[in-house]
Amino acid sequence: KYIGIHIRRGDLMIDRNEGRDWFHKYEPISFYQAIIEKELNKDDFTYFLVVSDDDNLRRFLSEKYDRVKISEDLFPNIGETDLHFAWRDMIALSKCRRVIAPDFSGFSTAGALLGGHVREQIKNCLTDAEKRDSLLKFKASSTSVDLSYSDALDLAVLASLHSQFGAHEEAYDAIEQAIKAFPSALVFPKVACTIAGATQNGSLITESFMHFLKVLHAEDYYS
């Protein structure tokens, strides 16, 4: 009756790694919420198990939804070290009838294989329209200068989706917010260049590329 979901965070969210090309490994929490609500609305028997290296996200989802559990709910009293916790999460995933996770996740792949299942990529569980709607519903874009790094990544994902649907001004606004919030991160001007290229916005391509070079050659980038 359980569907397992793995939320990858950890070293993706460390400041030192902001410039690395790990954007493809990041999935907004709103995508998981959309899948949870979609499946829970189908019947009264489905439960979710959430595993993650972000304890706050695990507990947020388990407290928000009655039928979302975390691994210690099912397997209490299994050691006290990070290794024990990781093993408990993997065993818990192996007991689920489905395992949904981001791309390139060896941890969730191993958990699914232990249970005789194939890991499902979260990007294939929602349509692009559902992804965009989930970002707007659960975590609408903000004009605050105090965005967290995950907020900025959400904006970058939203910008990419806006661009796919031809909402170019909304795409530019979203990625501009991300760049302003984290000017030292390489990922956001790279996303901006991709969007600008797709929309043939020459001025945005030039501006984004120059910002990319500025960040790349900044003295503190290699410190």
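Contact means heavy atoms within 4.5 Å, axes are lines fitted to C-alpha atoms, for helices over the stretch in contact, and angles run from 0 to 180 degrees between N-to-C directions. This is a predicted model in which local features need pLDDT of at least 70, side-chain atom pairs count only at pLDDT 80 or more, and totals for chains, interfaces and linings use all residues. Residues are numbered from 1 along each chain as its sequence is written, and side-chain values use heavy atoms, with hydrogens and water left out.

**View A. Helices α1 and α4 lie across strands of the sheet.** Helices (H or I, at least four residues) and strands (E, at least two) are DSSP runs, numbered from the N terminus. Helix α1, residues 29–40, lies across β1 (2–7), β2, β3 and β4 (98–101), and runs at about 175 degrees to β1. Helix α4 lies across β1, β2 and β4, at about 150 degrees to β2.

**View B. Five strands form an open sheet with parallel pairing.** Two strands pair if DSSP finds at least two bridges between them. The strand order is β3-β2-β1-β4-β5. At the edges are β3 (68–70) and β5 (120–121), each of which pairs on one side only. Strands β2 and β3 are joined by 3 bridges, and Val50 has Ile70 in β3 as its bridge partner. Between β1 and β4 there are also 3 bridges, in the parallel sense; here Ile3 stands opposite Arg98 in β4. The parallel strands β4 and β5 are joined by 2 bridges, with Ala101 opposite Gln121 in β5.

**View C. Tyr2 and Tyr47 form a tilted aromatic pair.** Rings of Phe, Tyr and Trp (its six-membered ring) pair if their centres lie within 6.5 Å; planes under 30 degrees apart count as stacked, over 60 as edge-to-face and the rest as tilted. By this rule there are 3 aromatic pairs. The ring centres of Tyr2 and Tyr47 are 5.6 Å apart and the planes stand at 45 degrees, so the pair is tilted. Tyr2 lies in strand β1 and Tyr47 in strand β2, so the pair ties together parts 45 residues apart in sequence.

**View D. The largest pocket has a volume of about 360 Å³.** On a 1 Å grid over the protein atoms alone, a pocket is an open set of points where a 1.4 Å probe fits, with protein on both sides within 12 Å along at least five of seven lines; lining residues have an atom within 4 Å of a point. Grid points are joined across faces, edges and corners, and a volume is the space filled by probe spheres set on the points. Of the 16 lining residues, Ser52, Asp53, Phe85, Ala86 and Asp89 are the closest to the pocket centre. Helix α4 gives the largest share of the lining, 5 residues.
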